[in-house]
Amino acid sequence: MKISIIGTGYVGLVSGTCFADLGHSVICLDKDKTKIKSLSQGESSIYEPGLDEILKRNIQNKRLSFTTSYKIACQTDLLILCIDTPAKKTGEPNLSNLKLSLKSISRDLKKDIFIVTKSTVPIGTNQYIKNFIENSSSFKINIISNPEFLKEGCAVQDFFFPSRIVIGCESKASREIMKELYAPLGLPSQKFIYMKVQSAELTKYASNSFLATKISFINKISQIADHANADIHEIKKGIGSDSRIGNEFLNAGLGYGGSCFPKDIKALINFEKKFKIDHSLFSVVEEINNQQFFIFYKKIIDAIGQKRLKRSSFMIWGLSFKPNTNDVRDSIALRLIRLLTDQVKHLYLYDPEAIRESHVYLSQYSNITYCKNAYEHMQSANALILCTEWPEFQNPEIKKLHSLKDKKIFDGRNVLNKEVILKAGIEYFGLGS
Ligand code: NAD
C-alpha cells in the first residue's frame, strides 16, 4: 500500500517508519526542510529507543522516503495527518498548522483520497477536513479518525504491540483500507475498535484525561500522606493491587508535563465551557498538578532556607518531560529550572539525551552549566534535585552523592531508595514518603 504521512514529528516519524517496516511504501512529508534533509540521510530528529535502526533499514530498502512537496505526497492512496495541535493561550487547540496543511492538500490533490487523522483534534475536526477539501477541490474525501496512543520513550514498541486501535469512520471502504493498513501487524480482531468519528475524536481526549486524573489523584493522596506520616509507596501497593485500579500512573511526583497531557486537559475543559457543561473535575486535575509542583519547590526552599538559597547551587538530574525521550516540550524540569535560576547561585544540569534540546529553551540564563555525566560538578552543588526518572538515576553511585555540600536529595519522582540514602547519611525529600 502507498501512504503519505503529513507532519513528520514524534508521531509522524515513528508511524511512518514503522508502517514502512510493515511493508508499506511510505512518503513522509514535513514543512521543515532541515528536518527532511537530515531524515533523508537517515538521521533521526528525535531520540526514541529502536527507531534509528528501523529508519536506516527502510531508507536503504527504499520503502521510506522524505519530502517537503505536497505534490509528491498527494500521489498516494492514503494521507495520514500527524500535524501538531498545540494549545492556544485560551486552552483551545490551535489548528492553524493543520489548516495550512489542508490548503496545501486541496491545492495538490489529483484524485479521491482517504484522509486519516492521527493528530489529536477537537470533536468535529474530521468533518471540517472533509468539508474543507471537498469544497476547495473537485475530489471526494473519506475521512477516518485514528487517534494515536503511542507513548514517547516506548513509541516503537507501542506501534508494533498496540493495546488497541481506535478507528472512527463512516464507510465500509474506510474500514477496509484501515484493515489493509494494519493487517501486517497480525493483530486479533478484538484489538480494532470501530466507532463514530466523533467518538474516536473524544476517545483520545478521554484517555489522556483519565491518565492525568489518575496522576493528580495519587498526588493528592501523597499530600495527605506527607501530613499523616504515611508512606505513598505502601499506599500505592495497597490500592494498585486491586485489579479494578491497577498500578500504572499511580506514582506520586512533582506533576505531569509534556506536549500531550496539559494541552489535552485544557482542550477538554475548553469543550466543556463551549458546551456549557460543568468543568470542575478537569479544572481540579490541572490545579492539583500545579499544586504538586509548588509543594516540591517549597520543600527545596524550606530545606535549604530562603536566605541561603542565593548562595546555593543545585545539580539537576533529568530535563526531558519523561525518561527515554529527548522531548522537553512543557517539561516540568525546565519549569523548575526557570523558577530557580533567578533565586540560586548556579544550576548544574544533566540529562542522558535532552541537553541539546534544552539549550533552546534555557539560552537566556547565564548561571547554568550542562554536565557530561550525572556526577560531573556534583561537588560544586549543595543538593541534588531529580526531575525525570531515567533508569540510570534510579540506582545512583551513593559514594559520589557524598560530595554534595549539604548532603540533601530532592526526589521529584519518588524513585530513589530512601532507606539506602538515609543510611548513607544523606537527607532525603520525596513526595508523600
Ligand atoms: P510534532 O510537533 O513533533 O510534529 C508535528 C510536525 O508537523 C512537525 O515536524 C512540523 O514541522 C510539521 N508541520 C506543521 N505544520 C505543517 C504543515 N503545514 N505541513 C507540513 N508539516 C507541518 O508533534 P507530535 O508530538 O508528533 O504530535 C502530533 C499530533 O499527535 C498532535 O496532535 C499530538 O497531540 C498528537 N499525539 C502526540 C503524541 C506524542 O507522544 N507526541 C502521542 C499521541 C498523539
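**View 1. Lys62 is exposed, with a relative accessible area of 73%.** Exposed means over 50% relative accessible area, buried under 20% and partly exposed in between, with a 1.4 Å probe and protein chains only. Lys62 sits in the loop between α3 (51–60) and β3. Its phi is positive, about 65 degrees, although Lys62 is not a glycine. The model is predicted: local features need pLDDT of at least 70, side-chain atom pairs count only at pLDDT 80 or more, and totals for chains, interfaces and linings use all residues. Residues are numbered from 1 along each chain as its sequence is written, and side-chain values use heavy atoms, without hydrogens and water.

**View 2. Lys276 lies in the loop between α11 (261–274) and α12 (280–304).** Helices (H or I, at least four residues) and strands (E, at least two) are DSSP runs numbered from the N terminus. Lys276 is not a glycine, yet has a positive phi near 55 degrees. Lys276 is exposed at 77% relative accessibility.

**View 3. Eight strands form an open sheet with mixed pairing, in the order β3-β2-β1-β4-β5-β6-β7-β8.** Strands pair if DSSP finds at least two bridges between them. At the edges, β3 (64–67) and β8 (192–195) each pair on one side only. From one strand to the next the twist averages 25 degrees. Angles run from 0 to 180 degrees between N-to-C directions of axes, which are lines fitted to C-alpha atoms, for helices over the stretch in contact.

**View 4. Strands β5 (residues 113–117) and β6 (residues 141–145) pair in the parallel sense over 5 bridges.** Phe114 is opposite Asn142 in β6.
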